[in-house]
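Good morning, and thank you for making time for this presentation. I would ask you to keep the structure in view while I speak.

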Amino acid sequence: MTERIECVVVGGGPAGLTAAIYLARFRRQVAVIDAGGSRAAMIPRSHNHAGFPEGIAGPELLRRMREQAAQYGADIRGGTVTAMRRDGEGFRLETAEGAIHSRAVLIATGVVNRRPPIEQAAHDAALAAGLLRYCPICDAYEAKGQRIAVLGADGHGVAEALFLSTYSDQVALLTLVATDLDAGDRADLDKAGVPVEPRPVSAFDFSGGKVRVAFADGGEQSFDTLYPALGSTGNCELLDAMHISLADEDCVPTDRHQRLEPEGLYAAGDIVAALDQISVAMGHGAVAATAMHNDLRKLDGKTPADRAATL
């Protein structure tokens with residue numbers, strides 16, 4: 001048996017849950033299928049999310065959003081969508097629990113940080129302690145004045161090191177592999193006072209409240225915090241199967257209403273080519289949900305015949 005659900009949101013991060021809240025309040029039948037991999041769940045405490053002057057932990061924010069969506073009737077499910085294809089006027093989604101047919105689908109599957117070679121338990125403990133950070137826009141303010149290491153001696157790493165140099169005059173650029181920056185990057189780093197360590201890092205140690213990095217030649221350096229600038233990989237398998245063209249770093253370009261092709265498919269959150277921030281993801285979710293609702297109204301003949309839905 002194929003379950004029929006009017007709107008399906010794939011991904012239970014800030015974008016997907018915001019969309020679910022809106023869709024439920026639009027009185028749409030909506031299910032969120034959440035594999036549990038939201039990057040927001042990794043945030044020990046966010047201090048730049050408006051409305052929480054004392055900060056809020058990522059898991060707590062997600063818990064509140066799930067509770068709010070469920071309060072209005074959204075069906076929040078754990079699970080993974082393993083395949084998706086066009087099916088008549090909607091889409092067929094395959095899950096371990098069975099097939100779902102949906103008239104409209106929002107892809108909010110997010111991205112995965114490319115991590116340095118650090119054992120999982122040590123990685124998570126360092127992240128919780130603020131010794132390891134992934135988002136300078138989110139938390140560079142909390143690292144101001146510290147001795148900061150940026151890992152990733154390429155264009156992305158250079159840009160991150162230069163950004164962080166406005167918060168601290170003790171920023172250094174490290175690498176995992178031998179690299180050779182171009183003259184322009186070296187000039188920019190020299191001007192900002194950011195030294196480049198040419199020796200590849202061979203090991204990390206987060207014990208003792210510091211970040212100690214070891215180099216292949218046996219040398220060591222110590223820092224207060226480490227920012228991996230290794231990029232990210234989008235969770236794009238479902239979009240790949242639909243032959244959706246991607247932008248840089250596996251992000252997807254949408255129109256201004258978060259629409260994709262074919263009709264009835266939408267995307268929101270970090271998987272979209274935009275600033276990776278909770279507030280931006282929530283905005284995407286609100287825009288996508290409103291577009292989904294109005295597009296379905298138009299298909300059902302519930303908008304004025306001489307103009308498209310504009311709300």
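Let me begin with a definition: a disulfide is counted here as a pair of cysteine sulfur atoms within 2.5 Å. In general terms, a disulfide is a covalent bond between the sulfur atoms of two cysteines. Please also bear in mind throughout that the model before you is predicted.

How many disulfides does the cut-off give? By that rule, the count is one disulfide. The bond links Cys135 with Cys138, and the S to S distance is 2.3 Å. The link of Cys135 and Cys138 is right-handed, with 70° about the S-S bond.

Cys236 takes part in no disulfide; the cysteine sulfur nearest to it belongs to Cys251 and lies 7.3 Å away. With a relative accessible area of 2%, Cys236 is buried. Cys251 is likewise in no disulfide, its nearest cysteine sulfur being that of Cys236, at 7.3 Å. Cys251 is also buried, here with a relative accessible area of 11%.

Where is Gln277 placed? Gln277 sits in the loop that runs between β15, residues 265-267, and α8, residues 278-299. Is Gln277 buried or exposed? Gln277 counts as buried, because its relative accessibility is 9% and the limit for that class is under 20%. Setting aside neighbours within four places in sequence, Gln277 is in contact with Asn48, Cys135, Ile137, Cys138 and Asp270.

Now to the strands. Strands β10, β11 and β12 form an open sheet in that order, and the pairing is antiparallel. Which strands stand at the edges of this sheet? They are β10, residues 201-205, and β12, residues 220-223; each has a single partner strand, so one side of each is left without a neighbour in the sheet. From one strand to the next, the twist averages 25°. Looking at one pairing in detail, β10 and strand β11, residues 211-215, are joined in the antiparallel sense over four bridges. Within that pairing, Phe204 stands opposite Val213 in β11.

A parallel pairing can be seen elsewhere. Strand β8, residues 148-151, pairs with β13 in the parallel sense over four bridges. The bridge partner of Leu151 in β13 is Pro228. Strand β13 itself, residues 225-228, is covered on both faces. Thr225 and Tyr227 on one side, and Leu226 and Pro228 on the other, are all buried.

Let me close with the chain as a whole. The secondary structure comes to eight helices and 15 strands. Of the 311 residues in the protein chain, 46% count as buried. Along the principal axes, the C-alpha atoms fill a box of roughly 70 × 35 × 35 Å. Among contacts with a separation of 6 or more, 57% are accounted for by residues 24 or more positions apart. Finally, the accessible surface of the protein chain comes to about 15000 Å², and 51% of that belongs to carbon and sulfur atoms.

Thank you for your attention.

Key. Residues numbered from 1 in each chain as written. Predicted model: local features only at pLDDT ≥ 70, side-chain atom pairs only at ≥ 80, totals over all residues. Heavy atoms only, no water. Helix = DSSP H or I, 4+ residues; strand = E, 2+ residues; numbered from the N terminus. Buried < 20%, exposed > 50% of the residue type's maximum accessible area, 1.4 Å probe, protein only. Contact = heavy atoms within 4.5 Å. Pairing = 2+ DSSP bridges. Axes fitted to C-alpha atoms, helices over the stretch in contact; angles between N-to-C directions. Areas by Shrake-Rupley, 256 points an atom, 1.4 Å probe, with all protein chains shown as cover.
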